[in-house]
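Subject: Structure handover

Hello,

Here is the structure you asked about. Please open it first, then read my notes below.

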Amino acid sequence: MKINRIVMASVMALLLLVLAACSGTDSGGAAGDTVTLKLAHTGSETHQYQIAAEKFKELVEEKTDGSIEVEIHGNSTLGSEASAVEQVMDGSIEMTTVSADSSFANTVPEMNVFGLPYLFEDRDHVYRTLDGDIGQELLDLTESQNMKGLGYWEVGFRHITNSTKEITTPEDVKGLQIRVQPSPVWESHMKAIGASPTPVDFNELYSAMDQGVVDGQENPLPTIDSMKFYEVQKYVSLTSHTYSPAIVVMNNDVWNGLDEQQQTAVQEAVDETTTYHREALAEKEEEILKTLEENDVIITEPDREAFREATKDVKNEVKEVPADLIERIENN
């Protein structure tokens, strides 16, 4: 009898252990289960993407008490922007942040709108658009591609750099091989100012400029600084021709697998990162200009009205962007 009681007690103890283990494992993120989100991007350790990714990681892990962990994979270690987007769609990775007007626009064509020249008057105009109904409608378009659009971090206003000469008017750009993002709007945009648009993956851009495959490129000041493009580009022209947001997307199935509290935490973390990111990058611009000058880069204030006039018809050539969307942004 004593042996039977010992056996029964052992069986009961084993059953309790099994039940406890089962209650702590659930794919939806139940108590005791940790969800790992791989966040891929193509920037360097000091790029805008990395600055935002680190802040997001800090916030979401804090808000979820560690039930969500974020793994940041930068420097194109998980592939190009196009590859990262494809992997998010098929669930190979959970999240990415990419320039909305890059190859992402080949997946969601309406994002080509961000490649239209001089669409935005200033940062206030940009933020009114992104933070309002138009920005949300564009995010919602990602759902048809099995993605959840969570928000917009910052890439910034874009400028032209090159290794050949100062650029003050569109005439100065004629004949230059300028690297562009692989989307229709950029080909039309560069052709309008006489440049020869040349698609090059972002992770190959430095070497392409260093080897003379292209004469120049266009990107915001924080990108030019963080990727050290100034080492192979002597001239920067502050054209401010477009603004690029860094869209943040998650695989839709992964999003739906999070519980309500986790979804709230993720969305709050994205939104708070957006505010932090904008402020941090705005503060860095003067510092970046000094860095460029210290590296003997010639910085030019171009005739922006001449560039605006030369590119005014680009919006009529890009059929991927609905005319009413352009009009709504212009009047926003």
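Two strands pair if DSSP finds at least two bridges between them. Helices (H or I, at least four residues) and strands (E, at least two) are DSSP runs, numbered from the N terminus.

Some ground rules. This is a predicted model, so local features need pLDDT of at least 70, side-chain atom pairs count only at pLDDT 80 or more, and totals for chains, interfaces and linings use all residues. Residues are numbered from 1 along each chain as its sequence is written, and side-chain values use heavy atoms, with hydrogens and water left out.

**The paired strands**

Start with strand β3, residues 95-99. Five bridges join β3 to strand β10 (residues 243-251), and the two run antiparallel. Thr97 has Val248 in β10 as its bridge partner. Strand β1 (residues 35-40) is joined to β3 by two bridges, and this pair runs parallel. Here Leu39 has Met95 in β3 as its bridge partner.

Why is β3 largely enclosed by the rest of the structure? Because five of its five residues are buried. Buried means under 20% relative accessible area, exposed over 50%, and partly exposed in between (1.4 Å probe, protein chains only).

Now look at helix α2 (residues 48-63) and helix α11 (residues 260-294). Their axes come within 8 Å and cross at roughly 145°. Axes are lines fitted to C-alpha atoms, for helices over the stretch in contact, and angles run from 0 to 180 degrees between N-to-C directions.

Which residues meet? On the α2 side they include Ile51, Phe56 and Leu59. On the α11 side they include Val266, Tyr276 and Leu281. Contact means heavy atoms within 4.5 Å. By class, the contact of α2 with α11 has eleven nonpolar, three polar and five charged residues. Ala, Val, Leu, Ile, Met, Phe, Trp, Tyr, Cys and Pro count as nonpolar, Asp, Glu, Lys and Arg as charged, and the others, Gly among them, as polar.

Find Ser226 in helix α9 (residues 221-226). Is Ser226 buried or exposed? Ser226 counts as buried, because its relative accessibility is 7%. Leaving aside residues up to four places away in sequence, Ser226 touches Ser44, Thr46, His47 and Gln48. Gln48 also belongs to the α2 side of the helix contact.

**The whole chain**

The protein chain has 14 helices and eleven strands. Of its 332 residues, 52% count as buried. Its C-alpha atoms fill a box of roughly 100 × 45 × 30 Å, taken along the principal axes.

Best wishes
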